[in-house]
Every structure is written in C-alpha cells, then in structure tokens.
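This report describes the arrangement of strands, helices and selected residues in one protein model.

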Amino acid sequence: MSNTDFALAVEDLTVSFDGFKAIDALTLYIDRNELRVIIGPNGAGKTTLLDLICGKTRASSGSIKFKNEEMTVLDEHTRVRRGIGRKFQTPSIYENLSVFKNLEVSYPSGRSVFGALTFRCTDEVMARVHAVAQEIGLADALQMEAGLLSHGQKQWLEIGMLLMQEPELLMLDEPIAGMSARERELTAELLQRICKNRSVIVIEHDMEFVKRIAHKVTVMHQGKILAEGSMEAVQSNPKVIDVYLGH
Ligand code: ADP
Ligand code: MG
C-alpha cells in the first residue's frame with residue numbers, strides 16, 4: 001500500500017512548547033473506514049495530537065496529509081470544510097435549543113455559489129437531520145430542549161452535530177467519560193456504525209471499551225508511539241505494561 005491510500009498520514013510530526021516536545025517526530029497512518037483507538041498515560045500527548053490534526057495547534061515541523069493533501073498549512077475552518085471533525089471533551093451544544101435545532105444549525109452553510117447563509121435546500125436539511133437523529137438514537141427526542149438530555153445523550157447530540165457535516169475523519173477525545181454502563185454500550189455500537197463510512201480516531205482509557213471498538217490500538221508515551229497493533233498484541237507488550245497498563 002502506498003502512502004497515498006491512507007485517509008490520514010502523519011509523518012515526523014513535532015510540536016514544541018517552550019522547548020518541550022509534546023509531540024516528538026511522530027508518524028502514524030490511518031486507513032479509510034478504520035476505527036483507531038489511541039491510549040497512553042496522562043501527558044503522553046494524545047490530546048495535543050488531535051489539536052495538531054484539527055488545526056487548533058500549529059505544528060513545529062512535520063507533515064499531516066488528509067486524503068493526500070497537506071493540512072499543516074491550512075487553518076482550522078478550512079480543515080473542517082475538507083472533512084475533519086473533532087469532538088472535544090466537554091460537549092458544546094446549545095442547551096436552550098431543541099435537539100432538532102441543534103442538528104439543523106450544524107448543517108454546513110456556504111456551499112452555494114452565493115456564499116454562506118444564503119440558499120439551503122430545506123428538504124435536504126430535513127432529511128439529514130432525521131437520518132442523523134436516527135443514527136445517534138435521538139429520533140424520539142427531536143423536540144426536546146437539549147439542556148434536558150442526559151449526559152450521555154448530550155455527548156451523542158454533539159457527535160450528531162459533527163455528523164451533520166459528513167466528516168470523513170471524526171476524532172473523539174474520551175467520549176464515554178461520565179457515561180453509565182448502558183450509555184457506554186450504546187456509544188460502542190454508535191462508533192461501530194459511524195466508522196463504516198469514515199475514519200474515526202478515539203482517545204480512551206477504558207480498556208473494556210477499547211477492546212470492543214478498536215480495529216487497531218496506538219499507544220503513546222512522551223509524545224512518541226510506544227506500540228501499535230491489535231488490542232491483544234498491545235496488551236501483552238512488555239513496554240506497554242511497564243509504562244501504562246501495569247499501573
Ligand atoms: P494527554 O492528552 O495524553 O493527557 P496532552 O496532549 O494534554 O496529553 O499533553 C501533553 C503534554 O503537553 C503535557 O505535558 C502538557 O502539559 C503539554 N501541553 C499541552 N498543551 C500545551 C500548551 N498549549 N502549552 C504548553 N504545554 C502544553
Ligand atoms: Mg488528553
């Protein structure tokens with residue numbers, strides 16, 4: 001397989017904060033329709049890696065290619081338009097709006113020749129809202145005020161708001177934190193469904209959850225990759241047990 005076949009190719013990526021390399025010459029490839037889980041101790045650089053991919057943080061050196069196009073030169077909004085979606089740890093939904101409105105306002109604007117905030121095909125928006133609501137398990141809650149949803153439902157709504165943009169790469173930072181066992185179960189099923197049409201990167205600590213969803217696991221430590229492979233291979237790797245799983 002040549003490097004151009006990957007959805008995402010991160011090569012020799014480095015970012016320094018006052019001389020400290022939070023990401024240190026890291027190379028990582030993600031396939032199309034792959035669900036990759038990134039694990040590692042606190043401070044390993046996991047969140048910083050997602051910040052670099054989505055453009056929240058600028059790389060000091062190295063390359064990030066998404067569908068073979070260099071991303072490091074593009075700003076955050078342009079990367080969103082290219083198809084990179086990122087969910088942060090705290091959900092940012094509009095609590096006072098209905099679930100329906102939250103999804104509707106997330107439909108990408110500005111795709112017409114007239115620019116942003118002009119013509120939107122209502123039927124198309126409606127169809128997308130209903131399809132996404134179905135996907136995230138909130139089809140029966142469309143008229144509900146978002147602030148009244150459970151913690152888990154709010155997380156799914158935010159995933160839905162990202163899905164409205166039809167991203168080809170979706171990145172989620174610790175999506176099941178604070179969820180009940182049942183909500184974790186449903187989230188695992190949701191992630192398995194959404195990676196059928198796109199690549200997904202998930203940062204997660206819960207090993208039972210990781211085992212359920214991961215196609216491949218990448219273990220980070222001190223801004224570098226410590227190990228990568230199947231869950232079984234990674235779990236039995238002595239270096240991984242030493243710095244992460246042993247504790
Ligand atoms: P993880 O998500 O794996 O727990 P982070 O990516 O949040 O780790 O952090 C990696 C390291 O980089 C930590 O030592 C953190 O303090 C440092 N770091 C992250 N962002 C910044 C920043 N904007 N400025 C300075 N240091 C940072
Ligand atoms: Mg983090």
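## Cysteines

C195 is buried, since its relative accessible area is 6%. The structure discussed here is a predicted model. C54 is likewise buried, with a relative accessible area of 5%. Both values can be judged against the cut-off for a buried residue, which is a relative accessible area under 20%. The number of disulfides comes to 0.

How many strands form the open sheet with the order 2-1-4-5? This sheet has 4 strands, and their pairing is antiparallel. Its edges are strand 2, covering residues 20–30, and strand 5, covering residues 69–70; each of these pairs on one side only.

Strand 1 spans residues 8–17 and is joined to strand 2 by 7 bridges in the antiparallel sense. Within this pair, L8 is placed opposite I30 of strand 2. Strand 1 also pairs with strand 4, again in the antiparallel sense, over 5 bridges. Here A9 stands opposite K65 of strand 4.

Strand 4 and strand 5 run antiparallel and are joined by 2 bridges. K65 has E70 as its bridge partner in strand 5. These two strands form a hairpin with 2 residues between them, and in this hairpin K67 takes a positive phi near 50°.

Helix 1, formed by residues 46–54, lies across strand 1, strand 2 and strand 4 (61–66). The helix runs at about 115° to strand 1.

Strand 6 and strand 7, the latter made of residues 169–173, run parallel and are joined by 4 bridges. In this pair, R86 has M171 of strand 7 as its bridge partner.

Strand 3 pairs with strand 8 in the parallel sense over 4 bridges. Strand 3 also pairs with strand 9 in the parallel sense, over 4 bridges. V37 takes part in both arrangements: this residue stands opposite V202 in strand 8 and opposite V217 in strand 9.

How many residues of strand 3 are buried? The count is 5 of its 5 residues, and the strand is mostly covered. In a regular strand, side chains alternate between the two faces of the sheet.

## A buried threonine

T218 belongs to strand 9, which comprises residues 216–221. Is T218 buried or exposed? T218 counts as buried because its relative accessibility is 1%, and the cut-off for buried is under 20%.

The side chain of T218 makes a polar contact with the side chain of E228 at 2.8 Å. Apart from residues up to four places away in sequence, T218 touches L28, R36, V37, I38, I39, I225, A227 and E228.

## The ligand site

Ligand 1 is surrounded by F17, F20, A22, P41, N42, G43, A44, G45, K46, T47 and T48.

| Residue | Polar atom | Distance to an oxygen atom of ligand 1 |
|---|---|---|
| G45 | backbone | 3.0 Å |
| K46 | side chain | 2.8 Å |
| T48 | side chain | 2.5 Å |

## A partly exposed arginine

R184 lies in helix 6, which is formed by residues 181–194. With a relative accessibility of 25%, R184 counts as partly exposed, because that class lies between the cut-offs of 20% and 50%.

Which residues are in contact with R184, leaving aside its neighbours within four places in sequence? These are I176, G178, M179, D206 and F209. R184 and Y244 are 60 residues apart in sequence, and their C-alpha atoms are 22 Å apart in space.

Definitions and conventions: Residues are numbered from 1 along each chain as its sequence is written. Chains are lettered from A and ligands numbered from 1 in the order in which they are written. This is a predicted model: local features need pLDDT of at least 70, side-chain atom pairs count only at pLDDT 80 or more; totals for chains, interfaces and linings use all residues. Side-chain values use heavy atoms; hydrogens and water are left out. Buried means under 20% relative accessible area, exposed over 50%, partly exposed in between (1.4 Å probe, protein chains only). Contact means heavy atoms within 4.5 Å. A disulfide is a pair of cysteine sulfur atoms within 2.5 Å. Two strands pair if DSSP finds at least two bridges between them. Axes are lines fitted to C-alpha atoms, for helices over the stretch in contact, and angles run from 0 to 180 degrees between N-to-C directions. A residue is near a molecule or strand if one of its heavy atoms lies within 4 Å of it. A polar contact is a pair of N or O atoms within 3.5 Å; within protein, one must be able to donate a hydrogen and the other to accept it, and residues adjacent in sequence count only if both atoms are side-chain atoms.
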